[in-house]
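I am opening a notebook on a structure that is new to me.

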Amino acid sequence: MSKSLPLIATACLMFSSLSVWAGEVKVENAWVRGTVAAQKASGAFMRLTAPEDMRLLGASTSVAKVTEVHEMTMDKDIMKMHPIDGLDLPAGKPVALTPGGYHIMLMGLKAPLAEGQTVEIVLRLRDAHGQVSEQRVEAPVRPLGAAGMMHHN
């Protein structure tokens, strides 16, 4: 009996690790737009694919005082940007956070963001069961002119 206990413990750890891993959102092509010296805001962009229906509730980062999920829309030929209270992530369907669409705004930047830096962003997510979790994303800073650079891996 005592010899099988380590096997049982190992199996339990493996299955508990799998369930945690399975709940993570797949993050692709994460990046943050670089800034100039006096610029106090930037955007973060990525493609998110949830394993089950989830909702992006918000985000945070240490490089900015305020981090919000935003949407850009056209209103009478005028592009408008505004914060939203969350973004649905349907199971298995990629949701793009892009310049000119949904994105994460980093406001009140504490320092300029230069190409070559990496910004850690923490996504706050809620699953279909109401469980809230956080997921860390490492996003490289791309040059200021990188308006629509979404590479497909």
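**Entry 1: layout**

From the N terminus on, I read the elements of the protein chain as α-β-β-β-β-β-β-β-β-β-β. That gives 1 helix and 10 strands; helices (H or I, at least four residues) and strands (E, at least two) are DSSP runs, numbered from the N terminus. I note that this is a predicted model, where local features need pLDDT of at least 70 and side-chain atom pairs count only at pLDDT 80 or more, while totals for chains, interfaces and linings use all residues. Residues are numbered from 1 along each chain as its sequence is written, and side-chain values use heavy atoms, with hydrogens and water left out.

**Entry 2: burial and core**

I looked up burial next. Of the 153 residues in the protein chain, 37% are buried (under 20% relative accessible area, 1.4 Å probe, protein chains only). The largest nonpolar core has 28 residues, and Val32, Met46, Leu56, Leu89, Ile121 and Leu123 touch the most other members. Strand S9 (residues 118-127) gives this core its largest share, 4 residues. Such a core is a set of buried Ala, Val, Leu, Ile, Met, Phe, Trp, Tyr and Cys residues joined through side-chain atoms within 4.5 Å.

**Entry 3: strand S2**

I then turned to S2. In S2, 8 of the 9 residues are buried, so this strand is largely enclosed by the rest of the structure. Which strands pair with S2? I count pairing if DSSP finds at least two bridges between two strands.

- S1 pairs with S2 in the antiparallel sense over 5 bridges, and valine 32 has alanine 44 of S2 as its bridge partner.
- Strand S8 (residues 103-109) runs antiparallel to S2, joined by 4 bridges; here isoleucine 104 stands opposite alanine 44.
- Strand S7 (residues 95-97) pairs with S2 over 3 bridges, in the antiparallel sense, with valine 95 as the bridge partner of leucine 48.

**Entry 4: aromatic rings**

I searched for paired rings of Phe, Tyr and Trp (its six-membered ring), with centres within 6.5 Å; planes under 30 degrees apart count as stacked, over 60 as edge-to-face and the rest as tilted. The count comes to 1 aromatic pair. The centres of the tryptophan 31 and phenylalanine 45 rings are 4.7 Å apart and the planes are at 40°, so I file the pair as tilted. Tryptophan 31 lies in strand S1 (residues 26-33) and phenylalanine 45 in strand S2 (residues 41-49), so the pair ties together parts that are 14 residues apart in sequence. Both tryptophan 31 and phenylalanine 45 are buried.

Notes
Buried < 20%, exposed > 50% of the residue type's maximum accessible area, 1.4 Å probe, protein only.
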